[in-house]
Each structure stands twice: as structure tokens, then as C-alpha cells.
Amino acid sequence: MRKIDVLMAGVGGQGVILASDSLAEVAMRAGFDVKKSDAIGMAQRGGSVVSHIRIGAKVFAPLIKKGEADFLVGFERLEAARCASYINPNGLAIISDQELPPLSVAGDAASYPDQEKVARVVSLYTKRLAFVPGLRIAQALGNARVAGVVLLGFLSAFLPVEVALWQEDIARRVDAKFREINLKAFAQGREEAMVFRSTETEAKAVVREEVPKRLRNITRNGGRR
């Protein structure tokens, strides 16, 4: 298996470390070598939290270089924009709809970027971008704290790990009274990913259809448009 690099970014209290621990654990149980590193900083005061997770047949170092992440999982919009330079040109940015403005925004020293602005920043590095309504799904389920699990479910649809391993790991990590809602959040995240994947497939199909048509027109017009 080729190496897979996943960068997770959010702020303290969003469950970034829990999600990255879960990913590392299920990947190891699936038989892969895994290296992981966390940068927590002032997490308990709402500061940035970043986890590097590298998966492969053999991984020699835990840190992902800028421009090499296959997946950027942004638990919070601004933190996703901050880490956009890590993703590679074919990588997928999975970004939650959650907003947690920093103190500089609360003090009117800065403005919080809207979704369009974040999309422009991320598109400088990759065109594959999925905004996931993680917080809205979690709130609809009855607990905003499972928004991170929605993102984990979305990511899981792109990784070579059986869904049963994910479900077992989630069930083991959370208290029994929160088990059902976490598993539902994970399942809904996967459903969102399936919709996104089908959209990507349709878009590629359109491109494949359009290119031959253009080629046919060029041939018909003697090489002139």
C-alpha cells in the first residue's frame, strides 16, 4: 500500500486528539505501520491542535511535510485554512462547518473568514474540497460534541480500513451511554462521503465526455476552433 498522510487540525476541546488516536489505532489493527505526532500548544484555552498521522507498509517519521498530506481534516474552518499548505495537489480537504472565532476576532482585531474565503485559500493547494455539515448533523442527533466523529466517518470512506474496525474502536473509546449517538454520527459522516464521492465521479464523467467532443470538433474543423 502506498503511504497515506492525514493532517487533522482544530482547537482544544473538539476531539482532534481522540479522532487521531482512533485513526492510528484502527490503521494498526488493519495491519499497517503508523507514526503519529500531536502539536497541542494552548489547547485548554481554545488554542490550535494539530495531529500528524502517517500510515503505510513502513513509515519512518511522524511529521508530514508541507505539500504532502493526502487528507486535511479541519475540525474548525479557520484552523483548516491555516493548515492548507500541508495538502498535496491531489489531496482532499475535509472541512467542518464549525466556527470557533479566536480572541483576536472577539476583540475586533481581526475578522473571521467565511466559507468562500476559506475555499479560496484551500483551492490554492487542491481543488478537492468537501465542506461537511458536521456540527449540524451532530446537533440534529442531539449532541454537538459528536461533530468530530462525523468528520471521522467521512474520512473513513476514503481509507483502506474495514468499517467494523472503526465501529469497534469508537464503541471502546466512549462511555456506553454515548455509544449509540457516536456510532450514528460516524455512519452519517460516511453517508456524506458517499454523496461527495458520487459527485466527484459524475464530475469526472462529464470531463471525460467533454474532452472527446472537443477533440471531434477540432478534427472536424481541420485543427481550428
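**Overview of the chain.** Read along the sequence, the predicted model follows the pattern β-α-β-β-β-α-β-α-α-β-α-α-α-α, with helices (H or I, at least four residues) and strands (E, at least two) taken as DSSP runs numbered from the N terminus. Of the 225 residues in the chain, 45% are buried, where buried means under 20% relative accessible area, exposed over 50% and partly exposed in between (1.4 Å probe, protein chains only). Residues are numbered from 1 along each chain as its sequence is written, and side-chain values use heavy atoms, with hydrogens and water left out. In this predicted model, local features need pLDDT of at least 70 and side-chain atom pairs count only at pLDDT 80 or more, whereas totals for chains, interfaces and linings use all residues.

**Close-up of the R2 and D70 pair.** R2 forms a salt bridge (a side-chain nitrogen of Lys or Arg within 4 Å of a carboxyl oxygen of Asp or Glu) with D70, the closest N and O atoms lying 3.4 Å apart. Because R2 sits in the segment before β1 (4-11) and D70 in strand β4 (residues 69-74), the pair ties together parts 68 residues apart in sequence. R2 is exposed at 54% relative accessibility, while D70 is buried at 12%.

**Close-up of the E168 and R29 pair.** A salt bridge joins E168 to R29, with 2.8 Å between the closest N and O atoms. The pair links helix α7 (residues 163-173), which holds E168, to helix α1 (residues 16-29), which holds R29, across 139 residues.

**Close-up of the K184 and E180 pair.** K184 and E180 form a salt bridge, their closest N and O atoms being 3.3 Å apart. Both residues lie in helix α8 (residues 176-220), 4 residues apart, about one turn of the helix.
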